[in-house]
Structures are given as structure tokens and as C-alpha cells.
Amino acid sequence: MNLVELQRALHQLRLSGMATGLEPRLLQAQTDKLAPLDFLSTLVQDELLRRQDRLLERRIKQAGFRDRGKTLDAFDFDFNKKMNRRLVFELATGRFVTQHEDGLFLGPPGTGKSHLAQAIGMAVILQGHRVRYREAHVLLEELAEAQLAGTRKPYLAELTTVPLLIIDDLGMRKVAHTAAEDLLEIIMRRYERAATLLTSNRPVEDWGKLLGDSAAVTALLDRLLHHAHVLTCGPRSWRTRLHSESAPA
């Protein structure tokens, strides 16, 4: 079997990492006079790294981030010095996910809640967990569509089992009159089974009016806040700062 045939066979075996690295690794083995076991080890390592990269990319894509480039490195903590930086980096370790705890980020629009939520989601993926990100109104629309399509049960099952569910921007858009009950069902299903991170530009005192069902909201908050890490973002707004910086003198 020549090199081309061997590469073709490796691809058929779905060992694309080994197939891609075969030729350069052969040259390395000849140059460095590698033992057969060392040569095989380098090929296996190539395959493992390629599979890890593909799994990571697949999980990032499945997460559905609105802005997948958001990272903690790109966040300006100095802008809002009172923000609990220690809590942010603690959440980024992913321990709250393994412990089935929740997070709640509150603050005015433009204070970095969505940035931090997505950055933490990315960090959690790097820790080996699956993540789903949805803006609140999108999540509720998908749930309504699943109801009409007769797929509500499997959709909820998927939401229940994902280790971290990020519900972003609650309060940014109007929601259906069933929103409180729908969110309550999601939170109840995930309570002490999986981690949920929710962001909102409205204080929790306004949620009853926002969602139109004070009883359901009370039950929702009772479970969400039981094991919650609460981060207050603001009061200063990134967008206000950027607008003032770009305004003509």
C-alpha cells in the first residue's frame, strides 16, 4: 500500500487527522529517526487533536451564540469598576454548571450583560460542557412553534438536558401572554438538574408586570434564586459611552 492508498484508507476509517498528518509525520520520522512506536504516537495525537477541535467547533455552533466572538479578554472591566469581577471569573470556571446552580445578570441595556453571558458560555464549552444560548423572545417563539408543530415535548426535553442554558435579554421585547408559564416550566424542569444563566434589563420587581403573571413569576424566581449567583451590571452603559466618544466636539 503506497502513501496515497494509505491516506485513502485512513479517510475511509474516518481518521482524517492521521491521514492529513501522515506525510509530514513520515518526513519527521525519517529526519528525527523516530522509533515505530513514537511515529505511531504522533499520528494518534494528531487524530485526537483534530477530533477535539471538531468537537469544540461543533459545540460552539450548536450553542447558537448571537456574537460568538465575545470573550472575557475583550471585556472592559474598568469601565464599571463596581462589577463583581471575581464572580464573573468564578462562573467562567464552569463549577456552577457541574453543581447545577444558576446565574442572574441584571442591569440597564448596554452594560455588558450579553457579552459576559456569552463569554461565560464559551468558557464553559472549553470546560467540556454543552451550552445553548437563546434570546428570551426567540426561546419563547421557538417553544410556541414547537407547540404548533407537535414537537413541544422533545424540544423541552432538549432544553432540560443541556448542561447550561443561557436566556438573554429578558425584557428587551414584548412576549406572549403565556411567557411566564413557559419560562416557569423551563426553570422548573431544570431546577437542581442543570444550570441556567438569565440576563435582564429589568429589576426582578418588574417581572410580574413584564410577563403578566405575578404568581408564575414568583414561583419562577423562587427556584431561579435558590442557588443563584446574582451579578449587577451597570449603572453605566457601554453604548452611552461609545455614543459620547463618537459625538463631534
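Mentor: Happy to! A nonpolar core is a set of buried Ala, Val, Leu, Ile, Met, Phe, Trp, Tyr and Cys residues joined through side-chain atoms within 4.5 Å, where buried means under 20% relative accessible area, exposed over 50% and partly exposed in between (1.4 Å probe, protein chains only). This is a predicted model, in which local features need pLDDT of at least 70 and side-chain atom pairs count only at pLDDT 80 or more, while totals for chains, interfaces and linings use all residues. Residues are numbered from 1 along each chain as its sequence is written, and side-chain values use heavy atoms, with hydrogens and water left out.

The largest nonpolar core has 30 residues, and F65, L116 and L164 touch the most other members. Two or more residues each come from α3, α4 (85-92), α5 (95-98), α6, β2 (131-135), β3 (164-170) and β4 (195-200); helices (H or I, at least four residues) and strands (E, at least two) are DSSP runs, numbered from the N terminus. Helix α6 gives the largest share, 8 residues.

Leaving aside neighbours within four places in sequence, L116 is in contact (heavy atoms within 4.5 Å) with L72, F75, F77, M83, V88, F105, L231 and C233. Apart from this core lies another, of 28 residues, including L106, A180, L184 and L198.

Now look at H115, which lies in helix α6 (residues 113-126). H115 is buried, with a relative accessible area of 12%. Not counting residues up to four places away in sequence, H115 touches K70, T71, A74 and F75, and its side chain reaches the backbone oxygen of T71 at 2.8 Å.

Terms used
A polar contact is a pair of N or O atoms within 3.5 Å; within protein, one must be able to donate a hydrogen and the other to accept it, and residues adjacent in sequence count only if both atoms are side-chain atoms.
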